[in-house]
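User: Please take a close look at a single part of this structure. Describe its surroundings in one connected account, and give the cut-offs behind the terms as you go.

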Amino acid sequence: MTTTPTAHTGLRLAAGVLTGILALYIALVALGNITDFGTNQQFVRHVLAMDTTFRDDDLMWRAVTSTALQDTAYVLVIVWETVAALLLVWGTYLWARRRDEAARRWSTYGLLMLLLLFGAGFIAIGGEWFAMWQSKTWNGLDAATRVFLLSGVALIVNQLPGPVRRAGSA
């Protein structure tokens with residue numbers, strides 16, 4: 001009995017594991033935000049209200065103090081997290097099934113969603129526009145940076161080229 005070795009098994013495994021880790025993470029984040037809505041709701045409200053920043057008059061015009069708008073933003077974040085989690089779970093499943101091209105495509109969608117949420121949403125908009133970096137109490141920049149960097153690494157690994165098939169090879 002002969003077996004045909006699978007080319008680039010390590011790359012597929014790395015991409016699948018990284019995608020799976022982020023799928024698990026963001027699924028748990030979304031679940032936590034749904035089942036314990038009030039905890040991070042307060043976080044979002046304080047960041048958008050800018051009530052724990054330096055209260056610089058030149059920046060405070062940016063504050064969003066409407067609880068309806070704050071809660072809408074929070075619900076949109078939860079929906080975004082949930083969709084990203086579903087895409088990453090599906091990508092992880094496809095990596096496990098050795099459907100590399102489909103896995104790469106779906107994983108990329110989910111990973112880009114995480115990069116947008118944590119990079120543009122939390123680091124740029126929350127951190128800079130709403131001056132979250134000024135708050136000692138409601139500052140999520142370190143956590144956002146960790147997820148942003150891990151998502152970026154996973155995206156790079158997902159985008160590495162697979163094995164080159166030669167004519168006549170299986």
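Analyst: Arg 104 counts as buried, at 11% relative accessibility. Here buried means under 20% relative accessible area, exposed means over 50%, and partly exposed is anything in between, with a 1.4 Å probe and protein chains only. The model is predicted, so local features need pLDDT of at least 70 and side-chain atom pairs count only at pLDDT 80 or more, while totals for chains, interfaces and linings use all residues. Residues are numbered from 1 along each chain as its sequence is written, and side-chain values use heavy atoms, with hydrogens and water left out.

The side chain of Arg 104 meets that of Glu 101 in a salt bridge, at 2.9 Å from N to O. The term requires a side-chain nitrogen of Lys or Arg within 4 Å of a carboxyl oxygen of Asp or Glu. Both residues are in helix α4, three residues apart, which puts about one helical turn between them. Helices are DSSP runs of H or I with at least four residues, strands are runs of E with at least two, and numbering starts at the N terminus.

Helix α4 covers residues 100-129. Asp 100, also in α4, pairs with Arg 12 of helix α1; the closest N and O atoms of this salt bridge are 2.8 Å apart. The pair therefore ties together parts that are 88 residues apart in sequence. Arg 12 and Asp 100 are both buried.

By the same rule the salt bridges come to three. The remaining pair is Asp 71 with Arg 45, whose closest N and O atoms are 2.7 Å apart. Arg 45 is partly exposed, at 22% relative accessibility.

Contact means heavy atoms within 4.5 Å; leaving aside neighbours within four places in sequence, Ala 103 is in contact with Gly 91, Leu 94, Trp 95 and Asn 158. Its C-alpha atom is 6.9 Å from that of Thr 92, 11 residues away along the chain. Ser 107, again in α4, is buried with a relative accessible area of 0%. With the neighbours within four places left out, Ser 107 is in contact with Thr 19, Leu 88, Gly 91, Thr 92, Trp 95 and Asn 158.

Most residues other than glycine have a negative phi. Arg 98, in the loop between α3 and α4, has a positive phi of about 60 degrees although it is not a glycine. Arg 98 is partly exposed at 47% relative accessibility. Ala 131 is in the loop between α4 and α5 (141-159), and its phi is also positive, about 55 degrees. Ala 131 is buried, at 1% relative accessibility.

Helix α3 runs over residues 67-96, and its 30 residues should span 44 Å at 1.5 Å a residue; its end C-alpha atoms are 43 Å apart, which agrees. The expected span is 1.5 Å times one less than the number of residues. For helix α2, residues 37-49, the 13 residues should span 18 Å, and the end C-alpha atoms are 18 Å apart. The buried residues of α2 are Gln 41, Val 44, Val 47, Leu 48 and Ala 49, and their cover includes α3 and α4. Met 50 follows α2, with a positive phi near 55 degrees.

As for the chain as a whole, there are five helices and zero strands. The radius of gyration is 20 Å, well over the 15 Å that the globule rule gives for 170 residues, so the chain is more spread out than a compact globule. That radius is taken over C-alpha atoms, and the rule is 2.2 Å times the number of residues to the power 0.38. The C-alpha atoms fill a box of roughly 75 × 30 × 20 Å along the principal axes. Of the 170 residues, 39% count as buried. Among contacts with a separation of 6 or more, 74% join residues 24 or more positions apart.
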